[in-house]
Amino acid sequence: MQNEVVSREQWLAARRALLLKEKEATRLRDSVNAARQALPWVRVDKDYAFDTPEGKRSLADLFDGRSQLLIYHFMLGPDWEAGCPGCSFLADHVDGALPHLNHHDVTWVAVSRAPLEKIAAYKRRMGWKFPWVSSFGSDFNFDYHVSFSPEDLAKDKVFYNFTAIEPAEAHDELPGLSAFYRNDKGEVFHTYSSYARGPEELIGTLMILDRAPKGRNEQGTMNFVRRHDEYEDAQTAPSCCH
């Protein structure tokens, strides 16, 4: 299906009308960002231990000497054979940003419940360099509402994305992004979390596609996405982040 074809003058008028909406969206984004920065914080008093290539590390250790920490809750469960295609799609965009984030006092770490050796194997397969640690045996994923036990999924409701949802809409692992701050005293605070499509703006490919003639051209949220080494066999790897 092709859009209406018009004269250059008509196109320019339509484009200027759209520009007004784009500017409105930019101002709204600025306002949302300001409100995000103004959120109150919650002190993290619970001790969490993570398995890392350097051994056991605490949440404070994951800051790696910086004051800000972004944790991507990557969907890779203890019994999964590979990471979620949607999470992998987002992860493909991270390595190039790391020098800029680190220079700006921000550390990025992915966290999954899979054992460290399984994480390391999938990380090698994908060719990624960003830090990725295991919360296996820890309450971390459950406390931040991205992992759910069989008992959780057997209940009437599951708490995800700040609301109660039907267990049928959930999964044993779900995606999210959480932010933390560490002050000079070493105290750690949870400042922000975002779930479901919340971290979507981190996926630069989607932002590029939004400007292409057909946009994302999808039948469901990211249903076209595959792991970057599976596009030759696309039908066998549907996204789990719909």
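Predicted model: local features only at pLDDT ≥ 70, side-chain atom pairs only at ≥ 80, totals over all residues.
Residues are numbered from 1 along each chain as its sequence is written, and side-chain values use heavy atoms, with hydrogens and water left out.

Strands (E, at least two residues) and helices (H or I, at least four) are DSSP runs numbered from the N terminus. Strand E5 (106–112) joins E6 through three bridges, and the two run parallel. E5 also pairs with E4 in the parallel sense over six bridges; pairing requires at least two DSSP bridges between the strands. Seven of the seven residues of E5 are buried, so the strand is largely enclosed by the rest of the structure. Buried means under 20% relative accessible area, exposed over 50%, and partly exposed in between (1.4 Å probe, protein chains only). Val106, Trp108, Ala110 and Ser112 lie on one side of E5, with Thr107, Val109 and Val111 on the other.

Helix H4 spans residues 116–126, and its buried residues include Ile119, Tyr122, Lys123 and Met126. These cover an arc of only 105° around the axis, which puts them on the same side of H4; the arc is that of the directions from the helix axis to the C-beta atoms. Glu117 and Arg124, on the other side, are exposed. The buried residues of H4 pack against helix H2 (85–91), E5 and strand E6 (132–134), where contact means heavy atoms within 4.5 Å. Gly127 follows H4 with a positive phi, near 75°.
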